[in-house]
Amino acid sequence: MKILLLGKTGQAGFELHRTLSPLGPITAPGREELDLTNEQAVADYLAQTQPNLIVNAAAWTAVDAAETQQTEAQRLNAGLPKQLAEYSKANNARLVHYSSDYVYPGTGTTPWQETSPTGPLSVYGQTKLEGDEAIQQSGVDHLIFRTSWVYSARGNNFMKTMLRLAETKPELNIVADQIGAPTPARLIAQVTALAVHIQLEAGLYHLAPTGETSWQGFAKEIFRLAGKNTKANPIPTSDYPTPAKRPLNSRMDVTRLQQALNIQLPDWQSQLALTLNEYLEEICH
């Protein structure tokens with residue numbers, strides 16, 4: 001299996017590079033080797049490498065910036081997946097792609113299912129949805145994993161921001177009315193490797209740990225596990241305005257993935273403990 005991994009410097013990309021390595025030779029070009037915003041450059045690279053598995057962990061993830069940089073977000077989140085799907089369909093390759101809870105309208109309290117109606121609130125969510133739909137409509141052999149609140153021991157993310165702020169601040173105001181499941185990049189990579197290995201049936205799956213929390217609840221658990229005395233005060237989303245609107249309900253039903261892989265996904269708390277330990281070990285060395 002010749003694997004092409006895109007987005008290797010991102011949080012998920014780094015973990016995917018490690019977990020997919022046993023499955024076959026991986027080509028993972030960085031930005032200096034392949035400009036993903038350049039459609040022709042991508043076409044030439046695909047023709048040259050001829051992968052039979054493409055794992056697309058590249059995305060425009062700056063949610064607020066997408067509101068003003070729509071062309072760039074559109075290319076990476078919609079145009080690129082469409083291009084990869086068309087190549088994969090024409091060359092009998094399999095495409096693995098990652099999507100977001102931001103494709104849903106964020107209303108109510110019921111966990112979203114793969115069949116739930118979409119209704120993005122932001123340019124980021126809209127472009128991610130367009131990427132999903134382009135893949136689905138292409139007829140390619142694909143796996144789309146919709147995930148939420150991604151973080152890891154590397155890169156910029158909520159966990160690391162909270163730890164940094166806790167060094168100097170005795171208390172922080174944190175949004176408490178957005179509910180979801182923080183998902184470590186390592187879990188995304190482990191599930192992907194398993195799905196590829198067992199040749200999981202093509203389709204759309206929700207991928208997140210079990211359980212739910214708010215950003216404030218997530219912060220409280222980070223402080224508790226890290227032994228910080230910082231207080232996390234709950235505030236509503238309305239007290240923290242951002243250029244892009246955030247969904248209040250990011251709960252995702254993971255039943256379909258658990259049944260298809262015959263696994264029980266771990267809860268978000270145990271995953272946070274693992275990820276935090278990994279981060280603390282790294283900064284100690």
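Begin by selecting Asn-38 and Gln-40 at the start of helix α2, where a side-chain oxygen of Asn-38 reaches to within 3.0 Å of the backbone nitrogen of Gln-40. The model is a predicted one, in which local features need pLDDT of at least 70 and side-chain atom pairs count only at pLDDT 80 or more, while totals for chains, interfaces and linings use all residues. Residues are numbered from 1 along each chain as its sequence is written, and side-chain values use heavy atoms, with hydrogens and water left out.

Next, select the whole of α2, residues 39-49, and colour Val-42, Tyr-45, Leu-46 and Thr-49, which are buried (under 20% relative accessible area, with a 1.4 Å probe and protein chains only). Looking down the axis of α2, you will find these buried residues within an arc of 100°, so they line one face of the helix; the arc is taken from the directions from the helix axis to the C-beta atoms. After α2 comes Gln-50, with a positive phi near 45°.

Now move to Gln-178, in the loop between β7 (171-175) and β8 (179-180). Gln-178 is buried, with a relative accessible area of 8%. Its side chain makes a polar contact of 3.0 Å with the side chain of Trp-215, and another polar contact, of 3.1 Å, joins the side chains of Gln-178 and Thr-237. Leaving aside neighbours within four places in sequence, the residues in contact with Gln-178 (heavy atoms within 4.5 Å) include Trp-149, Arg-246 and Leu-248.

Key
Buried < 20%, exposed > 50% of the residue type's maximum accessible area, 1.4 Å probe, protein only. Helix = DSSP H or I, 4+ residues; strand = E, 2+ residues; numbered from the N terminus. Polar contact = N/O pair within 3.5 Å; in protein donor to acceptor, adjacent residues only side chain to side chain.
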